[in-house]
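Here's a quick walk through the model, one feature at a time. Have a look at the structure, then read on.

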Amino acid sequence: MKHPAPFTKTDSVVDLVSTDYDILPVLSRFSLPLGFGNKSIGELCVSSGINPDVFLLVVNFLLSGEIDHSYLSCVTPLEVATFLHNSHDYYLNYKFPHIRANLVGALDPAHADVNPVIVKYFDDYIRQVQAHFHYEEKMLFPYVRALHEGRETNCYKVDLFTRQHDHDVEGKLGELKNIILRYYSTSVPYKMYDALVDIYNCEEDLQKHAQIEDDILVPLLRERERKGRGK
C-alpha cells in the first residue's frame, strides 16, 4: 500500500517502513539506528543528528520518483553528498561482498567450466563500480566540501562530472542477470534464484543512486555555483 501523500516529519518511522520495506537500506545509509519505538521521522532524524529535510527529500524521491522542490532550499549539497558517500561504503563493504558470496554459493559443481567465467564477470563489474565511486570520492565530493566551505574551486565544476557520469555502470549487472536466466542450469535452483533476487535489487538500487546524483545533487551544485557567480 502506497502512502497517499509524501511523508512528512510527523509521520511514523514504522509507517514509512511498512509502506515499502525496500527503504530499510536507505535508513541504514543515513546511519539511523533500529529500535524506532513510536518516534516520528522528524524525531528520529533529529535524535540521530540528521537533517530531516534531507532524509525526506531522498526518501520521497525514491518512493515516488518525484522531487519535492519545497525541500531543496532546506538542504545543502554536502548533506546529499554525505548520504551518497555512505552509500558507496554500503555497496563496496557490505552489499557487493554479500551478493558475491551468495552467487558463489549458488554455482553448480557440474558447470566447472562456466563458473569461473560468471565469477570473473561479477568481479570485473565490481572493479568498474569501484573506479566509478573512486572518481566521485576523489573529485566530486571534495569539490562539494570546498563549495560548502567557501574555498576557491576554479579547477572543477559540476559540468565536468555530468559529462563523464557513466550510467553503463549501473546497468551492467543486467548482462550477468540475463546470462544466468537464459543459459545457467542448476540442480539446486533456489540458491541461484536467491542470488538473482540480490542482483535484481542491487541493479535497481544503483539506478536510484545515480538518479539522486543527477536529479538532486547536480541541481543543488549548479544553484550553488550560480550564487557563487553572483547571478
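A disulfide here means a pair of cysteine sulfur atoms within 2.5 Å. By that rule, a search of the whole structure turns up 0 disulfides. Keep in mind that this is a predicted model, where local features need pLDDT of at least 70, side-chain atom pairs count only at pLDDT 80 or more, and totals for chains, interfaces and linings use all residues. Residues are numbered from 1 along each chain as its sequence is written, and side-chain values use heavy atoms, with hydrogens and water left out.

Take C74: the closest cysteine sulfur, in C45, is 14 Å from its own, so that's too far for a bond. For accessibility, buried is under 20% relative accessible area, exposed is over 50%, and partly exposed lies in between (1.4 Å probe, protein chains only). C74 comes out partly exposed, at 38%, while C202 is buried at 1%.

Now for the helices, which are DSSP runs (H or I, at least four residues) numbered from the N terminus. Helix 10 covers residues 189-228, 40 residues in total, so at 1.5 Å a residue it should span 58 Å, and its end C-alpha atoms sit 57 Å apart, which agrees. The expected span is 1.5 Å times one less than the number of residues. Helix 10 also bends by about 35° at L217, with a proline, P219, following within four residues. That bend is the angle between axes fitted to the seven residues ending there and the seven starting there.

Last stop, L147 in helix 6 (residues 115-149). L147 is buried, with a relative accessible area of 16%. Leaving out residues up to four places away in sequence, L147 touches T153, L221, R224 and E225, where contact means heavy atoms within 4.5 Å.

Technical notes
Helix = DSSP H or I, 4+ residues; strand = E, 2+ residues; numbered from the N terminus.
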